[in-house]
Amino acid sequence: MFTLGTSASFEPYLGASVGGAVITEDRFNSMDLGSHALFKSKGTIGVRFGDALRHKIQGEYTNYSTWGLTTPNDGFTTYGLLYGYSF
């Protein structure tokens, strides 16, 4: 995670990760994923705020594909919005 600046009550950040995933089926709806083993790439942007930075709002982008190592390689992407609270 890369923090873009911080104060006592506000901290915006960016994050990214690359990893792998193994799925039970190589088809998802009408898409042919090409393999049971996929690469997973994820990007996040968010902000922590409030007393002791306990609240978090984060947007996420996640993509699963074989990165062109197989044909076909339809892949799929998800988007998400997250709210978190640290106790």
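**Entry: ground rules**

I am working on a predicted model, in which local features need pLDDT of at least 70 and side-chain atom pairs count only at pLDDT 80 or more, while totals for chains, interfaces and linings use all residues. Residues are numbered from 1 along each chain as its sequence is written, and side-chain values use heavy atoms, with hydrogens and water left out.

**Entry: the chain as a whole**

I counted zero helices and seven strands. Both kinds of element are DSSP runs numbered from the N terminus, helices being H or I of at least four residues and strands E of at least two. Along the sequence the pattern reads β-β-β-β-β-β-β. The radius of gyration is 17 Å, well over the 12 Å that the globule rule gives for 87 residues, so the chain is more spread out than a compact globule. That radius is taken over C-alpha atoms, and the rule is 2.2 Å times the number of residues to the power 0.38. I also noted the span of the C-alpha trace along its principal axes, about 50 × 20 × 15 Å.

For the surface, I found that the chain exposes about 5800 Å², of which carbon and sulfur atoms supply 59%. Accessible areas come from the Shrake-Rupley method with a 1.4 Å probe, and for residues only the protein chains shown count as cover. Buried residues make up 24% of the 87. Buried means under 20% relative accessible area, exposed over 50%, and partly exposed in between (1.4 Å probe, protein chains only).

**Entry: the sheet**

I traced an open sheet of five strands in the order β1-β2-β5-β6-β7, with antiparallel pairing. β1 and β7 (76-85) stand at the edges with a single partner strand each, so one side of each is left without a neighbour in the sheet. Two strands pair if DSSP finds at least two bridges between them.

Strand β1 (residues 2-3) is joined to β2 (residues 10-22) by two bridges, and the two run antiparallel. F2 has L14 of β2 as its bridge partner. Six residues lie between the strands of this hairpin, and there G5 takes a positive phi near 150°.

On β2 I then checked the pairing with β5 (residues 37-49), which is antiparallel and has 13 bridges. Two partners I wrote down in β5 are T44 for G15 and V47 for P12.

**Entry: core and L33**

Which residues make up the largest nonpolar core? I listed A21, L33, L38, Y64 and F76, five residues in all. Such a core is a set of buried Ala, Val, Leu, Ile, Met, Phe, Trp, Tyr and Cys residues joined through side-chain atoms within 4.5 Å. Leaving out residues up to four places away in sequence, L33 touches a number of others, including I23, F28, L38, T66, P72 and F76.

**Entry: the loop between β6 and β7**

T66 sits in the loop between β6 (55-65) and β7. Is T66 buried or exposed? I have it as buried, at a relative accessible area of 3%. Its side chain makes a polar contact of 2.9 Å with the side chain of N73. A polar contact is a pair of N or O atoms within 3.5 Å; within protein, one must be able to donate a hydrogen and the other to accept it, and residues adjacent in sequence count only if both atoms are side-chain atoms. Beyond four places in sequence, T66 contacts L33, S35, A37, L38, F39 and N73.

W67 is in the loop between β6 and β7. The phi of W67 is near 55°, positive in a residue other than glycine, and at 45% relative accessibility W67 counts as partly exposed. P72 also belongs to the loop between β6 and β7, and the peptide bond from T71 to P72 is cis, with omega near 0°.

A52, in the loop between β5 and β6, has a positive phi near 55°. I noted A52 as exposed, with a relative accessible area of 55%.

R27 is in strand β3 (residues 27-28) and is partly exposed at 46%. Its side chain makes a polar contact of 3.4 Å with the side chain of D32. From R27 to L4 I read 39 Å, C-alpha to C-alpha, across 23 residues of sequence.

Note on methods:
Contact means heavy atoms within 4.5 Å.
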